[in-house]
Amino acid sequence: MRLSGSRYHLAVVCSYPVRPDVEVEDRPAGQAARIGTAVHGMVDAYVRGEPEPEFVEALEAAPIARRVLTWLDTQPRPHSSEIAIAYDPTTDTARKLDVTSHRAYGELAPTEVPTTLDLLWLEDGAVVVRDLKTGAKGSAHVEQLYFQALAATRLLGVSRARVGFLWGRKTKCEADALEELGPGELEVESWRASSIVRRLPVAQPTPGDHCRRYWCPAFSSCPAHQAPTETERMENA
């Protein structure tokens, strides 16, 4: 299964890049991604009450992590952090994954989609999901939050969720206003996830404004972009 919670926004507009047999570009993690991973590790250790892990990027990550931890000190203690869940849209069920390393999803059934929730609270019979971001706001997609809320509610047996991003910066930590998701909204998301997974083996390209080389890992192999465009033909004439 190439589809995951972090790639769910991609599948919503075009499932072709997450089709298991489609060739995609290998994009090694850059420095910003490694710093983000270090921040997540520091925050996770704090929530679990464990010693702060050491990272090569810790010097740059520490100021961001400190801002996030300062914000967390003003909130109720999270129920859990970095919780890995496998959600099966075909059965609308979820299970917690037993992982031994960061984002190691383990064995998955063919229709299970993995996702990792950065921060999770249980409040008044609802789950509160915060996804921690350290990059540009353009890199955040609300579809990921909806999918994570769906997985969390199915895992914990509740019917309501509140979701929002948490932005860690060197100078501050910003928390987006929480969006409420009731049983109806979660049911719609369940139907959408089921539709995506069921058609995934035969998904075809859906060209549109979302087609960008930096955004789509299958751009180079996508049949929708193999023929030259009218502009390219004119430039090469």
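Predicted model: local features only at pLDDT ≥ 70, side-chain atom pairs only at ≥ 80, totals over all residues.
Residues are numbered from 1 along each chain as its sequence is written, and side-chain values use heavy atoms, with hydrogens and water left out. Local features need pLDDT of at least 70 and side-chain atom pairs count only at pLDDT 80 or more, whereas totals for chains, interfaces and linings use all residues.

Strand β5 spans residues 161-168; helices (H or I, at least four residues) and strands (E, at least two) are DSSP runs, numbered from the N terminus. The strand is mostly covered, with eight of its eight residues buried, where buried means under 20% relative accessible area (1.4 Å probe, protein chains only). In a regular strand the side chains alternate between the two faces of the sheet. In β5, A161, V163, F165 and W167 point one way, while R162, G164, L166 and G168 point the other way.

Pairing of strands requires at least two bridges found by DSSP between them. Strand β4 (residues 126-133) runs parallel to β5 and is joined to β5 by seven bridges; V129 has V163 as its bridge partner. Together with helix α4 (residues 142-156), these two strands make a right-handed β-α-β unit, meaning that, with the strands pointing away from the viewer, the path from the first strand over the helix to the second runs clockwise.

Two further strands pair with β5 in the antiparallel sense. Strand β6 (residues 173-175) is joined to β5 over three bridges, and E174 in β6 is the bridge partner of W167. Four residues lie between β5 and β6, which form a hairpin. Strand β7 (residues 179-181) is also joined to β5 by three bridges, with L181 opposite A161.

Methods. Buried < 20%, exposed > 50% of the residue type's maximum accessible area, 1.4 Å probe, protein only.
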